[in-house]
Amino acid sequence: MTRPLQLNPNRFFPADPIQRQIAGELFSSVSSLPIVSPHGHTDPSWFSDDAPFEDAVSLLLWPDHYLLRMLMSQGLALESFGVRPNDDAPVETDRRTAWRRFAENYYLFRGTPSCLWLDHVFANVFSLDVRLDRETADHYFDVIAEKLARPEFRPRALFKRFNIEVLATTEGAVDPLNHHAAIVASGWKGRVITTFRPDEVTDPNDERFATDLARLGEMTGEDVASWTGYLAALANRRAFFRAHGATATDHGHASARTADLSTVEASTLFERILLGREEKNDAELFRAQMLTEMARMSCDDGMVMQLHPGSWRNHNSSVFRRFGRNMGGDIPTATDFVGALKPLLDKFGNRKDFTLVMFTLDESAYARELAPLAGHYPSLKLGPAWWFHDSPEGMLRFRRQTTETAGFYNTVGFNDDTRGFLSIPARHDLARRMDCAYLAELVATHRLEMDEAVEVAVDLTYRLAKQTYKL
């Protein structure tokens with residue numbers, strides 16, 4: 001027996017009737033504002049090619065590591081959902097069968113943001129009005145396939161329908177950015193820009209380091225075997241990314257450690273790494289120095305710097321070997337910020353022409369370290385609740401632990417950080433509702449006036465992201 005799928009208009013608002021009414025009034029002031037998505041991982045080829053999406057599995061399941069990790073946690077093989085390993089293990093090739101298997105296990109996501117986002121997509125994008133389960137799996141697969149074949153469900157049409165003002169993707173340092181060039185050449189008016197993510201050539205432990213370092217030299221004509229040539233090559237690529245619309249860089253280092261080595265010390269360290277003569281902790285020290293070098297370059301070229309530390313990437317070694325990156329095997333770690341960032345902040349923390357947006361997966365650092373740092377240094381801003389904490393409770397914890405020390409205006413609004421294009425409106429809707437829920441609490445307890453709350457809601461939804469990321 002099918003069960004109705006309904007999105008309550010007051011979802012995520014407080015249960016208290018007074019606060020719920022206030023939250024609804026605040027939400028009405030921001031619900032129709034354009035989406036500014038300054039950081040994410042959608043595929044730029046979707047917008048350059050504007051080809052129809054294939055089906056529910058390739059669009060909604062395979063790219064979503066939130067879904068894959070939960071399915072794996074229940075002992076379900078990724079191959080059974082059509083995810084192909086690099087070995088000879090049998091893999092499900094029928095996508096309808098893979099979707100049925102996902103539908104049978106959709107109950108696993110109850111209470112998670114994945115379910116909230118997907119239900120929003122099902123109801124608002126595809127107009128489905130029954131819940132996904134074993135009985136409705138084929139109905140879902142067929143409805144989604146039929147609609148994806150329509151012109152109004154192509155990427156560019158959905159971009160307009162979603163009211164996206166600007167969308168930033170993320171590419172590695174040696175990406176040729178052909179898709180971004182094609183978007184511009186096509187004359188399409190949608191604004192899709194890139195973000196410079198150089199991890200594969202700034203992290204000696206990255207399996208791509210040697211290969212991509214050589215490509216970096218080839219692409220720039222610089223001698224990347226020397227410290228000065230290496231830095232010049234990175235500066236060259238930053239300029240190339242800026243020419244393709246980039247306003248920001250992103251760095252996914254394991255820690256927030258920074259360093260301030262002399263030129264001789266940095267050059268010697270770089271030489272040891274290239275020659276394979278690394279000493280203990282050399283890789284971490286090199287990453288630390290490169291964050292400071294990236295900050296120096298941001299002062300020169302004006303690019304906003306983002307740091308996403310604190311993830312033990314590919315913790316599940318077997319999954320990494322068989323399936324590669326971004327399969328749900330990344331785990332948060334405890335992260336130091338006060339000591340780790342001090343070398344960088346000593347050099348650039350007081351500059352008004354430099355912006356460092358900090359994210360964390362270590363919520364214990366919100367009130368103890370990050371809010372006090374952002375509440376003092378002009379260059380430092382707090383990114384929104386990220387990854388594992390991009391959820392109703394995570395967003396409230398973020399606001400409650402940071403606002404009293406850092407205020408609202410040392411934060412940067414919301415960014416969705418998603419690989420799932422169709423989840424963008426769902427994620428922004430959730431973030432807007434949770435901010436309005438928090439603001440309603442402040443209004444109801446007379447810590448904020450209603451007119452102030454309206455201004456803050458608009459700022460958190462729209463203005464702060466545009467201002468911080470220079471959009």
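Colleague: Which residues line the second largest cavity?

Modeller: Please keep in mind throughout that this is a predicted model. The lining of the second largest cavity is made up of Pro 384, Ala 385, Met 395, Phe 398, Arg 399, Gly 413, Phe 414, Ala 431, Met 434 and Asp 435. Sorted by class, seven of these residues are nonpolar, one is polar and two are charged, and the space that they surround has a volume of about 90 Å³. Two helices, helix 18 (392-406) and helix 19, each contribute at least two residues to this lining.

That cavity is one of six with a volume of 30 Å³ or more. The largest cavity has a volume of about 210 Å³, and among the 18 residues that line it, Asp 64, Thr 418, Gly 420, Ser 423 and Arg 427 lie nearest its centre. Here the lining divides into nine nonpolar, five polar and four charged residues. Helix 3 (56-61), helix 4 (65-73) and helix 6 each give at least two residues to the lining of the largest cavity, and the largest share, four residues, comes from helix 6.

Helix 6 also leads us to an open space, the second largest pocket, where this helix gives the most to the lining, with five residues. The second largest pocket has a volume of about 490 Å³, and of its 25 lining residues the closest to the centre are Leu 5, Tyr 106, Cys 115, Asp 119 and Arg 131. At least two lining residues of this pocket come from each of helix 5 (95-104), helix 6 (113-125) and helix 19 (424-444), and by class the lining holds 13 nonpolar, three polar and nine charged residues.

Arg 131, which is among the residues closest to the centre of that pocket, is also in contact with Thr 136, as are Thr 2 and Val 130, when the neighbours of Thr 136 within four places in sequence are left aside. Thr 136 sits in the loop between helix 6 and helix 7 (137-148), and this loop residue counts as buried because its relative accessible area is 2%, where the cut-off for buried is under 20%. The C-alpha atom of Thr 136 is separated by 51 Å from that of Ser 298, a residue 162 places away along the chain.

In general, an α-helix has 3.6 residues a turn, so residues three or four places apart point the same way.

How values were computed:
Residues are numbered from 1 along each chain as its sequence is written. This is a predicted model: local features need pLDDT of at least 70, side-chain atom pairs count only at pLDDT 80 or more; totals for chains, interfaces and linings use all residues. Side-chain values use heavy atoms; hydrogens and water are left out. On a 1 Å grid over the protein atoms alone, a cavity is a set of points where a 1.4 Å probe fits but cannot get out, and a pocket is an open set with protein on both sides within 12 Å along at least five of seven lines; lining residues have an atom within 4 Å of a point. Grid points are joined across faces, edges and corners, and a volume is the space filled by probe spheres set on the points. Ala, Val, Leu, Ile, Met, Phe, Trp, Tyr, Cys and Pro count as nonpolar, Asp, Glu, Lys and Arg as charged, and the others, Gly among them, as polar. Buried means under 20% relative accessible area, exposed over 50%, partly exposed in between (1.4 Å probe, protein chains only). Contact means heavy atoms within 4.5 Å.
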